[in-house]
Amino acid sequence: MKNLKNILILMLLVGLTAPLQAKVLSYKKDSDGITCTLNKGLMKVKLCFDNMVEVKYTTLPLFIEKPSLVITNPFKSAPSFDVTEKAGELVITTPKLKILVDKASNAVKYFDLSGNAILAEDDSQNKTMTPTTIAGIDVYNCTSQFQSPTDEALFGLGCHPEDSLSINYKGRNQELAIRYMTGAIPVMLSTKGYGLFWDNYSASNFYGAEAGNTKYKYVSESGNMVDYYFIYGPDFDNIISTFRNASGNAPMFPKWAFGLFQSQDRYKSQAEILSVKDGYRNNKIPVDVIVQDWFYWEPNVIGSHVMWPERYPNPKAMVDELHNSNIHAMISIWPVFSKGTEPFNQMSHSGGMTDIRWLNVMTNILDYYYDAHSPQARDLYWRQACDSLIGRFGWDAWWVDQCEPDNGNIGVDKYMDLRRQSHFAIGRGIDYMNTFSLMHSTGLYEHWRKEIADKRVFLLIRQAFAGQQRNSATLWSSDITCTWKAFRNQVPQGINACASGIPYWTSDIGGYHLNWQSPDWTTPTNQELFTRWFQFGTFSPIFRIHGKGERAIFSKNWSENTRSVLMKYDNLRYRLMPYLYSLSWKVTNEGYTIMRSLGFDFRNDDAVKNIPDQYMFGPAFLVNPVTQQLYSAPDSKKIAKTRKVYLPKSTNWYDFWTGKQIEGGKSIDAKATIETMPLYIKAGSIVPMGPYLQYANEKPADPIELRVYAGADADFVIYEDENDNYNYEKGKFATIPLHWNEAAKTLTIGNRQGEFTGMVKDRTFRVVFVNAKNGIGIEPAKTAKTVQYNGAEISVKNL
């Protein structure tokens, strides 16, 4: 620490007389790129893949070692590359890129092999380190600045639940400091065909409107180097896939995780949990998970890992009874401890406790966070929680709450400074402000994989950082309010969270609270709000009811009309299980993204750049949530029951509800009655739909209805496995390729590849060529061509 302070003082003195921008004096070719000696510090250009480049810059005399918490790929072999030197510049050529380094300014510029510009650092102010003091701590602000054409659109940067309806960060700023009700994922996608990841863990800020909106910059408040990764796509899918290859791929979730989660703040007893089970099963309402939220330990204290015996006399029997009804069980678990408990004492005596305290909103006691950055503390946390609570009773999933860490209601500036001034096993709090949830989930995931080998990990977590997808983590958007405004904000935040490399995102359907109380769910306004939110949840990666007040589908709070609409979408979600589960395999196997910013599929359509409330759900569905109050507003009779929908160009679209075909490249007023969330299917799509289900694993998807939306060639791969273990990693799964040939008007069901225990070897497909009279909406198609399939290729022609 003393040496670093001396270096800081030295560099501050040098900085007073240093030139504005460092020049390249010399360079050497390394096995994985080049290292440049500057007249002020060093720069390293490292070739990770032929489309991925790391740039490091420091004004210090050497690069101080910084093990990445995000990038896990060791990059054992660099791609082939050449380095040439021309007048005033160095040129690095890979099989996909040309990278130019301006020797006069050290600016790095990226081109494709045809010489087309992709991205350029700013010539005058590209990478800087500025000494300063924050919260009494000597640090360097680390800045990287880039040129940005006026027609560029920028997406990603995580989930900020209370943000406005913006979707495009071009021309706007964004704070990137994880705290209560806002997140930070420093991954960004550009419609120019590239992505950036800034490998810095301190509080940061993105500025998207520099120099008259011709530049943008990223400023981290503390670091010993500028460190970013450039990824060339140009398609968004390729960018995200490359990033996950570098930072860890997302494992498969169990199949049940794609069904409905029923949760409430909060169920208070074993009897209440089981009554919810009965409410769903007795009324034949599809559901897969029931959730036990917080304060099951009351009157004991947080961190005790105890379900209070008077209210939960036999937790193991409770979980077993849920399992016997084919319902999975998830429980809330927190990373904070109340002083004086045995778990607190163990963690404290082992050196695994931090000085970060949370003002417990239920008890008004200051409780303590453990050090998730310590491997030993992570080991102890797992041991305590698993032995005393989770593993002991057989819970299937962990709801990982409160992991910003959040210091409570003591003032944002004060609590952020307390976090900055803290120290973790890995280093200063100011340098690791944003990575608590990443490291907390790392400990849970790694231990689960070692000790519960037959059950896939599922973590629902309140915060996420780059790379957290490798920990089987679903990001949820925190304690949002039960308001139309909060609902509208969820749509772009979900889209941008998924554009940041996190494939699984969810919000509390209906919102969490209304002024910290339960809304009156019987009112027309709240019935409409919940209905619209539920429709959106049906087409979110994870489908989850949660919040204050009884809102289970069987609840007496709902009118019969509301309940019928909820049932309609619940059944639709389950009928789409073959589609969803196959897409989850693409997430794991190909680095795919299910909830897709329109830039994924229509990057070159300028009209999609600023649409905040439309997205693709897989390759087929264009989803258009209705976020305006149409029925319960005071002047509802004057409000048209429609919403504006833009249908992207270069394709035609089918109305999912009517089968009507509409030409793309225009906006329409789409029907939006209370029963209808506008859904459109891209021409050239194949959508597999299974039978009606009460739970995801009730029966094999047989027969499968294959809906073919003609108009262009189409491909889809049906994926199946054993649903809830890791045998798929050993090759125990099967795929069935589907191809629609538009010219030949023929669907080919290809040769099945692979096998697994319980596979349906001989199955039935109902092939449906969708039109305005057949294959529309939720109900099975009236007319279909029935095909018996034994794993060998077969073709079906649409005559």
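I worked from a predicted model, where local features need pLDDT of at least 70, side-chain atom pairs count only at pLDDT 80 or more, and totals for chains, interfaces and linings use all residues. Residues are numbered from 1 along each chain as its sequence is written, and side-chain values use heavy atoms, with hydrogens and water left out.

**Sheet.** I looked up the strands (DSSP runs of E, at least two residues, numbered from the N terminus). Six of them form an open antiparallel sheet in the order 32-33-34-39-36-37; strands pair if DSSP finds at least two bridges between them. Strand 32 (595–596) and strand 37 (661–663) are the edges, each with a single partner strand, so one side of each lacks a neighbour in the sheet. Two bridges join strand 32 to strand 33 (residues 615–617). There, Arg596 stands opposite Met616.

**Rings.** I then searched for aromatic pairs (Phe, Tyr and six-membered Trp rings with centres within 6.5 Å; planes under 30 degrees apart are stacked, over 60 edge-to-face, the rest tilted). The whole structure holds 64. Tyr201 and Tyr432 make a tilted pair, 5.8 Å centre to centre, with 35° between the planes. Both lie in loops, so the pair ties together parts 231 residues apart in sequence. Tyr201 is buried at 3% relative accessible area (buried is under 20%, exposed over 50%, partly exposed in between, with a 1.4 Å probe and protein chains only). Tyr432 is buried too, at 11%.

Key. Helices (H or I, at least four residues) and strands (E, at least two) are DSSP runs, numbered from the N terminus.
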